[in-house]
Amino acid sequence: MEISQYLDFDFLIRFLEGLQKFLGENSEIVIHDYRKGYDHTIVYALNSQVSGRSIGGSPKGGMITLFGKDIEPMKESLQTFSNGPKDSFFKSFTTLIPDENGKIIGSVCVNMDISDLLMAQKALSGFIQHPVTKPAPPASDIDALSTKNVDDILQYYMQQAELLVGKPMALMNKEEKIRALDYLDQKGVFKISKTSVLLCETFQVSKYTLYNYLEEARSGRSE
């Protein structure tokens, strides 16, 4: 007899309860039922105050948001990153639930607020890479970038923008993103072809939103 015959919903819930406790207070697990549409899909929620949702709620920032309602082709678990409430940032994975005919009828989603981890990563990275003997700072950006290629130059200025604002780009609010874009624009990074794509991914915003923020930055500079 296959082990799957012993697995039932009660076991699943007990397993997910244990998993959520194992992952800690910054994690939540929700079960979605898509059989009646996508407006009220949450049928079970563990520690859902992390994202502010509850039973009867709908998907946010995950499978449906990224791929619309065409989820049938998505058979494998999917890992995503998305902005959450109050400047939080989530790492998530979604596993779809098929029926006996293979039709997707729901999903189990694990979401973790990794905002603190990103801030810690930034702090640790700066500390660990700090040299024993601190070299003199470059006289200018030209000195700092003299041996770098185009990709390195873009990454350099993105790091400088994060230092200017004081937090990773993924955790910046709207005003901080505009401030960072103002700095980057003045450094000429938008002359690099892949800049907008990389910034959209890093800021977790659409291209439309990115250029709206950029226009706000330029307008504020000209006042």
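So, the contact between α5 and α7: on the α5 side we have L154, Q155 and M158, and they meet T195, L198, L199 and T202 in α7. Sort the residues of that contact by type and you get four nonpolar, three polar and no charged. Keep in mind, please, that this is a predicted model.

Now, how do these helices sit against each other? In general, you describe two packed helices by the angle between their axes and the distance between the axes. Here α5 covers residues 150–165 and α7 covers residues 195–203. They pack at about 40°, and their axes are 12 Å apart. That angle makes α5 oblique to α7, because roughly parallel would need an angle under 35 degrees. As for handedness, the crossing of α5 and α7 is right-handed.

Okay, staying around that part of the chain, have a look at K187. You'll find K187 in the loop between α6, which is 174–186, and α7. Is K187 buried, exposed or something in between? Its relative accessibility is 35%, so K187 counts as partly exposed. What I'd also point at is the pair K187 and Y157: they're 30 residues apart in sequence, yet their C-alpha atoms are 7.7 Å apart in space.

Let's jump over to a strand. S27 belongs to β1, which runs over residues 27–33. S27 has a relative accessible area of 0%, so S27 is buried. And which residues does S27 touch, leaving out those up to four places away in sequence? There's Q20, then L46, N47 and V50, and finally N111 and M112.

Last bit, zooming out to the whole chain. We've got eight helices and five strands. If you walk along the sequence, the order goes α-β-β-α-β-β-β-α-α-α-α-α-α. The chain has 223 residues, and 37% of them count as buried.

Methods. Residues are numbered from 1 along each chain as its sequence is written. This is a predicted model: local features need pLDDT of at least 70, side-chain atom pairs count only at pLDDT 80 or more; totals for chains, interfaces and linings use all residues. Side-chain values use heavy atoms; hydrogens and water are left out. Axes are lines fitted to C-alpha atoms, for helices over the stretch in contact, and angles run from 0 to 180 degrees between N-to-C directions. Helices (H or I, at least four residues) and strands (E, at least two) are DSSP runs, numbered from the N terminus. Angles under 35 degrees count as roughly parallel, over 145 as roughly antiparallel, 65 to 115 as roughly perpendicular and the rest as oblique. A crossing is left-handed if the near helix is turned anticlockwise from the far one by less than a right angle, and right-handed if clockwise. Contact means heavy atoms within 4.5 Å. Ala, Val, Leu, Ile, Met, Phe, Trp, Tyr, Cys and Pro count as nonpolar, Asp, Glu, Lys and Arg as charged, and the others, Gly among them, as polar. Buried means under 20% relative accessible area, exposed over 50%, partly exposed in between (1.4 Å probe, protein chains only).
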